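Here is a short tour of one model, written to be read alongside the coordinates. Have your viewer open and follow along.

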Amino acid sequence: MDVGGATALLVAVAGVVGTLLSALLTQRAADRSRQREQERAEQLRKRRSEAQELRSCYVALNTSARQYLSALTDHLHALGRDEDLRSVRQRLTEARDQHRDAYAEAQMRVPERVLELAGGLSHGLGAVYGMVRRLDDGVPRAGDSPAAVQAGIDALWGGLRAMRRALRADLGASRADLGR
């Protein structure tokens, strides 16, 4: 074989190998790109799922605190009337239990600044609950009175508003209010 024929054969082999390698490298690059896109999509799904779980936790915390406050208010009003308190007591106990569960979940999920507000509110709810129950049982401590309970409830509504603002800010809902 002459040098020209060998060169032509080498050029042809190099061209075929180059073409095959080019296709292989293109396929690998496409596979890597597809894998990165799938990973990004999975991360996005995970972030959305976590955000939804946090939102659900915030909704449960806000709802349970509102129900607890309403049940405390109803119980206070029922104490002033001469009526059977069993259903009011039951509602208060259920509201307290729901709030305790929602707060326990929040302790594991929410940022510290939100947890401080939620903890203060939860502590206040417990203190007012104690006053209401002692008044109901006829064994009040010094400072326990319907007026003190009402003052505590009024303060707790303010605490609930502050907590709700923090929850909304953490979810980004307060930024939506700026456009209104």
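## How α2 and α3 pack

In this predicted model, α2 and α3 are roughly antiparallel to each other, because their axes cross at roughly 160 degrees and angles over 145 count as roughly antiparallel. The two axes come within 11 Å, and α2 passes α3 in a left-handed crossing.

## Asp-136, an acidic residue in α3

Is Asp-136 buried or exposed? This residue of helix α3 has 13% relative accessibility, so it counts as buried, the cut-off being under 20%.

The side chain of Asp-136 makes a polar contact of 3.1 Å with the side chain of Arg-133. Setting aside neighbours within four places in sequence, Asp-136 is also in contact with His-75, Leu-79, Leu-85 and Arg-89.

## The largest nonpolar core

Which members of the largest nonpolar core touch the most other members? They are Leu-72, Val-110, Leu-125, Val-128 and Val-149, out of 32 residues. Four helices, α1 (3–79), α2 (86–109), α3 (112–137) and α4 (146–171), each supply at least two residues of this core.

Val-149 is a handy one to click on: not counting residues up to four places away in sequence, Val-149 touches Leu-76, Val-128, Met-131, Val-132 and Leu-135.

Conventions: Residues numbered from 1 in each chain as written. Predicted model: local features only at pLDDT ≥ 70, side-chain atom pairs only at ≥ 80, totals over all residues. Heavy atoms only, no water. Core = buried A, V, L, I, M, F, W, Y, C linked by side-chain atoms within 4.5 Å. Buried < 20%, exposed > 50% of the residue type's maximum accessible area, 1.4 Å probe, protein only. Contact = heavy atoms within 4.5 Å. Polar contact = N/O pair within 3.5 Å; in protein donor to acceptor, adjacent residues only side chain to side chain. Axes fitted to C-alpha atoms, helices over the stretch in contact; angles between N-to-C directions. Parallel < 35°, antiparallel > 145°, perpendicular 65-115°, else oblique. Left-handed = near helix turned anticlockwise from the far one by under 90°.
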